[in-house]
Amino acid sequence: MSDPALYPCFLGPYGENDALLERLVVEFLRDHVYWRRNFHPEDPPAVPTHAAQTPEFMAFEARLRRELHSLSAALKRSVPFHSPRYLGHMVSDLLIPGLAAQILTLPYNPNNVSEEAAPITIDLELKVGLQLARMVGYSSDPAAPDCAFGHLTSGGTLANYQALRLALSLKAWPLALRAAGVPGLDCGSDDWQAFNLGHDARIALIGDCDRWLRSLPAGQARQWRKRIEAERVETLGLNAFFERHPQLKPPIVLAPVTAHYSWSKGLKLIGLGRKALHLVPESGMRTDLEALEAMLQRALAERQPVLMAVGVLGSTEFGTIDPIDGLVAARERFRTLGLDFAVHVDAAWGGYLSTLFREPEGGLRGLAEMRADFADFPAPAVHAAFAALAQTDSVTIDPHKLGYIAFGAGAFICRDHRAIGLLDEAADYVFSDSDSADFFQRYRALGRYVPEGSKPGAAAAAVYVTHQVLPLDYAHFGLLQKQTIHSTEAFVAELRRFADAEAALVRVSVPFAPDSNLVCMALNPVGNRDIAVMNRFVRRLYQYLKSDPKTPLQVHEFFASMTTLQPEMLGEQDMARVLAELGLDPASINPDDSGADRLVILRHTLMNPYLIDRENGISYLARYFEYLARRIDELLFLQRPLLPTCG
Ligand SMILES: *Cc1c(COP(=O)(O)O)cnc(C)c1O
């Protein structure tokens, strides 16, 4: 950590900021107690003042303490995410603003399902949606007709599911209008066209339908509304809906090979089934636009509807950034050909990197200006991907990943809030106060639009306060993200030094240049040409780097994670390069052998804020590689057959 602006942000690996957090927690716990007392101070204490002296009370407290002590003791075996020795998964220390706001809010226990249960924190959740919308470049002025809308979820998985749900709702709606026989609205001249209306046309249709219904006498309007409802996919379910539209095949979803498994889960949940998920080949770990183009051409030729194309902004395993600009361009082109689909960006991991690209005033930072801050970031393709976010339809962003917020905080944001009315469980999307101009008023019954029911207001408070203290631009929250990129650059430099120093023992390859703050590394013992042997070697090395609750924590020196790289993610050319760098025989790859069909590699997430300790002149990254070198020596020595001893 080098920037003094970041000193107070976290509790710290040594608990350096304990005094700050403790002051805040005690102060606001007391504040909460005063609030209780001042509600009706004339009410006497309901628990008698002598209660603490009763044997029951004391026995209860004793039991409670015993359990808490054993919980606290057990939790000491937790994974030390806060430590700069942790380079494993997508988690790190927690930001104090979020932690303090969450602890402060918990005893009030707001439920963000509706304003009746959360008069304060629902507004905060809606504001968080707008803060994140602004961060990615969507319209975030609640007075604007096309303002974005966002809400929190338990995580990225549910946000991705919400994206599927909304896309299906939006695409199926014009078909319902057609089937209901609504006169005078432009819903396309057949089901294919109705399903492929562009995003703007569909949004316009929502407004047009609303105005038309309002122009009718109340009784007639009610009749029409019922008729439309009866034809909606939300009413009929997928089976009956597609039975009623026999010319239309159920849609598919396109997502890159490295997409998170939440997409498969989401498709099962929504009822389209896993088979509807069509994986787009990659080259260099990113969606291959030519392959995407070919898949879209085929869909168009076969009249196969496409619900959505997913772009990943920071893949879970590799941190790679898809060409979102290319996805948007493909969507524009195919729309003119009559094939329309939603573009959703799964930015569960990389979403907060957008802060680096955002001016405090809201504009996008230029590539040259940004690159001045780094050795080699962002690559022009990465800059173009972030610049195109504003033209996508929706995004998933996880505050509980690069937002440094406690788990249980994902977010879904759609570019135009007028779409979300279609998800309204009350199903009065057309008559509910759509003339109530106040954005915040309209969405206060949040539970009607989101997949979940009861949901924690404390999580909304945590994310909101964090964004207020550290606004989502490069000069504030971006400082943290900047550090993750600097750590990545330092990591790669250490990796190169390590590779040179260990050249006699292992060959090292960085299979793909990191797009963001995740670095993978492949290692092969010198002289070995067999991929299966290399994979066993890396798995054994990983035994030293994984968390293992059975061994005492202090025995672990460093944590990293492991992943596997399939040849089809890299593409032929890059795969050949990696195999050559590692000295592997390409013929040793065997697609039918699970031990040899892919490369087992180490994976490092570099989001911890303390990886480089300038104060004490320590680089934990350098120490990590020293540790790795020691373990490799050991492993290779053990693998060498021992000379037979005399006797
Ligand atoms: C983590 C992640 C998810 C899933 O998010 P959860 O918060 O774990 O539900 C989805 N997509 C990507 C790209 C992710 O990194």
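Tyr404 sits in the loop between β8 (394-397) and β9 (410-414). Although Tyr404 is not a glycine, its phi is positive, at about 55°.

Before going on, a word on where this comes from. This is a predicted model, where local features need pLDDT of at least 70 and side-chain atom pairs count only at pLDDT 80 or more, while totals for chains, interfaces and linings use all residues. Residues are numbered from 1 along each chain as its sequence is written, and side-chain values use heavy atoms, with hydrogens and water left out.

Now the whole chain. How many helices and strands are there in the chain? There are 21 helices and 15 strands; these are DSSP runs numbered from the N terminus, with helices being H or I of at least four residues and strands being E of at least two. The chain is as compact as a globular protein of its length, because its radius of gyration is 27 Å, close to the 26 Å that the globule rule gives for 647 residues. That radius is taken over C-alpha atoms, and the rule is 2.2 Å times the number of residues to the power 0.38. Along its principal axes, the C-alpha trace spans about 105 × 80 × 50 Å.

What about the inside? Of the 647 residues, 53% are buried. Among contacts with a separation of 6 or more, 75% are between residues 24 or more positions apart, where contact means heavy atoms within 4.5 Å.

The chain is divided into domain 1 (96-142 + 418-469), domain 2 (156-397) and domain 3 (479-642), with bounds from an automatic or database domain assignment. Have a look at domain 1 and domain 3 on the screen: their C-alpha centres lie 42 Å apart.

You'll find Asn111 in the loop between α3 (96-105) and α4 (121-136). Asn111 and Pro456 are 345 residues apart along the chain, yet their C-alpha atoms are separated by 5.4 Å. Leaving aside neighbours within four places in sequence, Asn111 is in contact with Ala117, Ala118, Ser454 and Lys455.

Next, Arg448, in the loop between α15 (439-442) and α16 (457-469). Is Arg448 buried or partly exposed? Arg448 is partly exposed, because its relative accessible area is 30%. From Arg448 to Arg507 there are 59 residues in sequence and 56 Å in space, C-alpha to C-alpha.

Lys275 lies in the loop between α10 (262-270) and β3 (277-280). Lys275 and Leu364 are 89 residues apart in sequence, and their C-alpha atoms are 38 Å apart in space.

I'll finish with some backbone geometry. Met285 is in the loop between β4 (282-283) and β5 (286-287). Its phi is near 75°, a positive value in a residue other than glycine, and Met285 is buried, with a relative accessible area of 1%. Which two residues are joined by a cis peptide bond? They are Phe377 and Pro378, with omega about -10°. Pro378 belongs to the loop between α13 (367-371) and α14 (380-387).

Note on methods:
Buried means under 20% relative accessible area, exposed over 50%, partly exposed in between (1.4 Å probe, protein chains only).
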